[in-house]
Amino acid sequence: MTLSNESSERTVEEDVDHVDKDERRLAEDVERLERDVEGRKQEVTVEVNSTAVVLSEHLVTGLQLKQAAIDQGATLEIDFQLWRLTGEHKRDQVANDEKVHLHDGERFAATASDDNA
Amino acid sequence: MSSTSGASWPNAPANSLNLEGIEPEVQQALAEVTANINEGVLLAWPDGEGGAFVVVDDLDLGERWAPRQGWLGCRILNSYPDSELYPFYIRADARRVDGVDLSAPFNLGQSLFGQPATTVSRQPNRPIKGPRSAAVRFINVVDFVRTFS
């Protein structure tokens, strides 16, 4: 009986240990999932020269936005002029060092300058 | 694209949406311009050689111009995108509101599709290729017309 009880007690202790480990793993999983969800919430998708550009930061400079657009395949060069398309008839120039707060679905255009011909 | 001619562009063919015979690349250019120039009345029709004429009518040329409303257009050659959209044209009677004579890059006494016009002789300072090159050209020229000094 003693042995059996001891065996039984060990089993219970082991079970408790397993449960503790499972709980820790579960807590870690929940924490990781929450981080993933939070990370996805922070992503923002804008359009630069008709190409979707995903950024992890909502507040970036004009230069950072152009670089991200280039990295993600948009047709532009880093010294192009950046414009925020704010609506019908409206475009606002964005300087390289200007911070812009991005919103999902916003549209930007980057254009090379012209010369007299 | 609208099929209605604007008042300041009387020479546009009645069927402005007939894209028959226009090269696919030129049709793509027209689609780019349509998607990105959200002002005025956009007219486009074939040039008979695989290219197209495209005009933004009833456009706000900006405070430097009298009359301020007018058209701006160009011909997209069948060789696009190997050829640039060049030159652009604006209505012939547009003048500087400050009375100063127009000079380069504006050239008086020209025409587009039989319509008297002033050319806007601007070119990219580098080749622009890619899915938005036609729209980029329009955006640049419209901005130049509105802001030149």
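This is a predicted model: local features need pLDDT of at least 70, side-chain atom pairs count only at pLDDT 80 or more; totals for chains, interfaces and linings use all residues.
Reader: Which helices and strands does chain B have, and in what order do the elements run?

Author: Chain B has two helices and nine strands. Read from the N terminus, the order of the elements is α-β-β-β-β-β-β-β-β-β-α.

Reader: How many of the residues in chain B are buried?

Author: Of the 149 residues in chain B, 50% are buried. For contacts in chain B between residues at least 6 apart in sequence, 59% join residues at least 24 apart.

Reader: How should I read a strand, and which strands pair with β2(B)?

Author: As a general idea, the side chains of a regular strand alternate between the two faces of the sheet. In this structure, strand β2 (residues 52-60) of chain B is mostly covered, with seven of its nine residues buried. Strand β1 (residues 41-46) of chain B pairs with β2(B) in the antiparallel sense over six bridges, and here Trp45(B) stands opposite Phe53(B). Strand β4 (residues 69-76) of chain B is also antiparallel to β2(B), and seven bridges join the two. In that pairing, Asp60(B) stands opposite Gln69(B).

Reader: What lies between β1(B) and β2(B)?

Author: The two strands form a hairpin with five residues between them. Gly48(B), in the turn, has a positive phi of about 85°.

Reader: How do I read the interface of chain B and chain A, and how many residues are in contact?

Author: One begins with the residues on each side: 27 residues of chain B are in contact with 20 residues of chain A. The two chains bury about 2000 Å² between them, 40% of it on carbon and sulfur atoms.

Reader: Which elements of chain B supply the side that touches chain A?

Author: In chain B, α1 (24-36), β9 (122-124) and α2 (133-147) each supply at least two residues of that side. The largest share, nine residues, comes from α2(B). By class, the side of chain B that touches chain A has 12 nonpolar, seven polar and eight charged residues.

Reader: Which strand of chain A is joined to β9(B)?

Author: Strand β8 (residues 114-116) of chain A is joined to β9(B) by three bridges, and the two run antiparallel. Within this pairing, Asn116(A) has Arg122(B) as its bridge partner.

Reader: How should I read a salt bridge, and how many are there over all chains?

Author: The count comes to 12 salt bridges over all chains. In one of them, the closest N and O atoms of Glu106(A) and Arg84(A) are 2.4 Å apart. Glu106(A) lies in the loop between β6 (99-101) and β7 (107-111) of chain A and Arg84(A) in strand β4 (residues 81-87) of chain A, so the pair ties together parts that are 22 residues apart in sequence. Both Glu106(A) and Arg84(A) are buried.

Reader: Where do Glu39(B) and Arg146(B) lie, and are they buried or exposed?

Author: Glu39(B) forms a salt bridge with Arg146(B), with the closest N and O atoms 2.5 Å apart. Glu39(B) is in the loop between α1 and β1 of chain B and Arg146(B) in helix α2 of chain B, so this pair links parts 107 residues apart. Buried means under 20% relative accessible area; therefore Glu39(B), at 7%, is buried, and Arg146(B), at 16%, also counts as buried.

Terms used:
Residues are numbered from 1 along each chain as its sequence is written. Chains are lettered from A and ligands numbered from 1 in the order in which they are written. Side-chain values use heavy atoms; hydrogens and water are left out. Contact means heavy atoms within 4.5 Å. Buried area is the accessible area (1.4 Å probe) that two parts lose on being put together, summed over both. Helices (H or I, at least four residues) and strands (E, at least two) are DSSP runs, numbered from the N terminus. Ala, Val, Leu, Ile, Met, Phe, Trp, Tyr, Cys and Pro count as nonpolar, Asp, Glu, Lys and Arg as charged, and the others, Gly among them, as polar. Two strands pair if DSSP finds at least two bridges between them. Buried means under 20% relative accessible area, exposed over 50%, partly exposed in between (1.4 Å probe, protein chains only). A salt bridge is a side-chain nitrogen of Lys or Arg within 4 Å of a carboxyl oxygen of Asp or Glu.
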